[in-house]
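Subject: Structure handover

Hello,

Here is the structure I said I would pass on. My notes on what was found in it follow below.

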Amino acid sequence: MSLFLQNLVNALQWGSFYALIALGYSMVYSILMLFNFAHGDIFMVGAYIGVGVAFILLAMAAEGALALPPWMILILTILFAMVLTSFVGMLVERIGYRPLRAAPRASAAITGLMIGIILETGNLALLGAQRIRFPSLIDTQVYEVAGVFITNTKIIIVVVALLLATGMHFFVHKTKWGLAMRAMAFDYVAVPLMGVSVNGIAALTFALGSALAAAAGILYALAYPVLDPYMGILFGWKAFVAAILGGRGSVMGATLAGFLLGFIEIFVAMIFPSTLRDLIAYSIVLLILIVRPHGFFGEPYSARLRL
């Protein structure tokens, strides 16, 4: 039982990363019907931006210009990184995707792959190939509960991920911007006739998705503080699977699927050799999609819309 609970805690942490990245994938796909395959690299960019912000805040604190406790520096690092990375997302939409809005979906998909390569290569050109260590913002504390070891870092990661996912759910369902996003996902042609700016909603969607990816990048860096330019590739593909599994445009579905994917990976590795983890985990996902081809909360019409 202790082993099961320990792996459950680890799965919650691992699933938090997938859930936040999958939210960005799901929103872009639901509204614009394109797969932003550069999203995993935006996760990487957000983590690197977080490194820069953290070093600046720590330097200001060391010089006495910023008298803040460590937890406040962590919050500011997450917020500033989310804001800055949202501008990266809007830039990607403006330069890479907007000119291809009327093009075949395959053209936009290939563009996403190229944008990802540009972000990776740009990182290498600016910072070099060496890995970068994320600064230690808070001291790690370990708590033992019924034989299960839980760190304050794990608690922070899971709580922040759930708060951001909940905040996104309320934004999408309780604000006029969220209403416009849901309306555009339902009928891309009619919404502009109601006075809603397609370009504005598209930019907002990319900004929100990129901000969530940046938060995921910093939370990942808290747990695994060594970053490299290619860290977003595998996470991006796996979060894409979670977005599809959750269902088109569903915040709840993307979050649930992200955590479910984390659970499957952790518990498969607990039972079987780690070399079989991805094979078994994604075979399970394939079986789920056979039963639920539109995902957990996907609508049947969504597979035909604008294709």
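Trp14 has a relative accessibility of 15% and therefore counts as buried, where buried means under 20% relative accessible area, exposed over 50% and partly exposed in between, with a 1.4 Å probe and protein chains only. Tyr224, at 33%, counts as partly exposed.

Before going on: this is a predicted model, in which local features need pLDDT of at least 70 and side-chain atom pairs count only at pLDDT 80 or more, while totals for chains, interfaces and linings use all residues. Residues are numbered from 1 along each chain as its sequence is written, and side-chain values use heavy atoms, with hydrogens and water left out.

Aromatic pairs

A search of the whole structure gives 21 aromatic pairs. Rings of Phe, Tyr and Trp (its six-membered ring) pair if their centres lie within 6.5 Å; planes under 30 degrees apart are stacked, over 60 edge-to-face, and the rest tilted. Helices (H or I, at least four residues) and strands (E, at least two) are DSSP runs, numbered from the N terminus.

The rings of Tyr220 and Phe235 have centres 5.1 Å apart and planes at 75 degrees, so they are edge-to-face too. This pair links distant parts of the chain, with Tyr220 in helix α7 and Phe235 in helix α8 (residues 231-246), 15 residues apart. Tyr220 and Phe235 are both buried. Both pairs belong to one aromatic cluster, formed by Trp14, Phe17, Tyr18, Phe43, Tyr220, Tyr224 and Phe235.

Nonpolar core

A nonpolar core is a set of buried Ala, Val, Leu, Ile, Met, Phe, Trp, Tyr and Cys residues joined through side-chain atoms within 4.5 Å. The largest one has 90 residues, and those touching the most other members are Leu20, Phe43, Phe134, Leu219, Leu227, Met231 and Phe235. Helix α7 gives the most to this core, with 16 residues. Leaving out residues up to four places away in sequence, Met231 touches Phe43, Met44, Ala47, Tyr48 and Tyr220; contact means heavy atoms within 4.5 Å.

Helix contact

The axes of α1 and helix α6 (residues 176-186) come within 6 Å and cross at roughly 55 degrees. Axes are lines fitted to C-alpha atoms, for helices over the stretch in contact, with angles from 0 to 180 degrees between N-to-C directions. That makes α1 oblique to α6 (under 35 degrees is roughly parallel, over 145 roughly antiparallel, 65 to 115 roughly perpendicular, and the rest oblique). Met27, Ser30 and Ile31 of α1 meet Met181, Met184 and Ala185 of α6.

Lys238 is found in helix α8 and is buried, with a relative accessible area of 5%. Not counting residues up to four places away in sequence, Lys238 touches Tyr18, Leu261, Glu265, Arg277, Asp278 and Tyr282.

Glu93, in helix α3, is buried at 1%. Its contacts beyond four places in sequence are Arg98, Arg101, Ala202, Ala203 and Phe206.

Pro70 is also found in helix α3 (residues 70-97) but is partly exposed, at 44%.

Regards
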